Amino acid sequence: MESASQDINLNSPNKGLLADAMTDVPVDNAARGAAPEGLTLAEEEELRAELAKVEEEIGTLRQVLAAKERHCGELKRKLGLTPLDGLKQNLSKSWHDVQVSNAYVKTSEKLGEWNDKVTQSDLYLSASSTLEDWNEKLTQSEAYKKTQETLSQAGQKTSAALSNVGSVISRKLGDMSGYSIRHSISMPAMRNSATFKSFEDRVGTIKSRVVGSRENSTDGLHSPSGAGDKPPQDNAPF
């Protein structure tokens, strides 16, 4: 596991000899068959040795790439970078690469040339002049002027109506507040008037009569009927 955790050096003499990563597979010379046409047996052996070396380097590079990707992921995690940030960065880099590519530059140049040719052509100039004439005739026509005046008047009337509504609402609110203030101010004066005092005296008289009659009825309930102040009679026979 130590060799897997360490960085891989392509210049190391132990290059490609990671634990259990690559295994030597014996090749049967008889299974190879005849040498390709135009190659001697020595040349074939040399090419096969070179092929094995290249495949070994490819495997080593894949392991180096995987180790570097893991290390890159750990660094991003420590920096707090999310996969979305990486995606944005990749898209931005890809777009920059597209903009600086030869195909994009040539396409932009071609489009610029076509634009210049179109804007300088007689057909484009004639069409542009015709549209300007139509625009000028339209703005100078009576129908256009009447429509513009009508819209302007409608806007002014709408503004005036809204202003009047606001004034009415403000006046109503002012009247309501004035009424409440006048009402609160007039209450003490009304209580001191002769009419209010006369009404208050009548209510007091009625209240005293009701209370007095209630007290008399209560006293009658406490004393037995017929035995108020009369002494008890002696009914003994002579």
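These legends walk through several close-up views of one predicted model.

In this predicted model, local features need pLDDT of at least 70 and side-chain atom pairs count only at pLDDT 80 or more, while totals for chains, interfaces and linings use all residues. Residues are numbered from 1 along each chain as its sequence is written, and side-chain values use heavy atoms, with hydrogens and water left out.

View 1. The protein chain has eight helices and zero strands, where helices (H or I, at least four residues) and strands (E, at least two) are DSSP runs, numbered from the N terminus. Read from the N terminus, the order is α-α-α-α-α-α-α-α. Of the 238 residues, 4% are buried; here buried means under 20% relative accessible area, exposed means over 50%, and partly exposed lies in between (1.4 Å probe, protein chains only). The chain exposes about 21500 Å², with carbon and sulfur atoms supplying 58% of that area. Accessible areas come from the Shrake-Rupley method with a 1.4 Å probe, and for residues only the protein chains shown count as cover. Among contacts (heavy atoms within 4.5 Å) between residues at least 6 apart in sequence, 45% join residues at least 24 apart.

View 2. The mean pLDDT, the predictor's confidence in each residue from 0 to 100, is 76 for the protein chain, and 66% of its residues reach 70 or more. Confidence is highest in α3, at a mean of 94, and lowest in helix α1 (residues 2-5), at 42. Residues 1-7 have pLDDT below 50, and this stretch has four contacts in the model beyond near neighbours in sequence. Residues 15-23 also stay under 50, and there the model has 15 contacts beyond four places in sequence.

View 3. Helix α3 covers residues 41-79, and its 39 residues should span 57 Å at 1.5 Å a residue; the end C-alpha atoms are 57 Å apart, which agrees. The expected span is 1.5 Å times one less than the number of residues. The buried residues of α3 are Glu-44, Gly-59, Thr-60, Val-64 and Ala-67. Just after the helix comes Gly-80, with a positive phi of about 80°.

View 4. The structure holds two salt bridges, each defined as a side-chain nitrogen of Lys or Arg within 4 Å of a carboxyl oxygen of Asp or Glu. One of them joins the side chains of Glu-44 and Arg-48, at 3.1 Å from N to O. These two residues are four apart in helix α3, so about one helical turn separates them. An α-helix has 3.6 residues a turn, so residues three or four places apart point the same way. Glu-44 counts as buried because its relative accessibility is 5%, whereas Arg-48, at 37%, is partly exposed.

View 5. Lys-93 is exposed, at 54% relative accessibility, while Asp-97 is partly exposed, at 35%.

**View 6. A nonpolar patch draws on α4 and α5.** Trp-95, Val-98, Tyr-104 and Val-105 make a nonpolar surface patch of about 340 Å². Patches are made of residues with over 30% relative accessible area and no salt bridge: like charges are joined within 9 Å, and nonpolar side chains (Val, Leu, Ile, Met, Phe, Trp, Tyr) within 5 Å. Helices α4 (83-99) and α5 (102-120) each supply at least two residues of the patch. Val-98 belongs to helix α4 and is partly exposed, at 37% relative accessibility.
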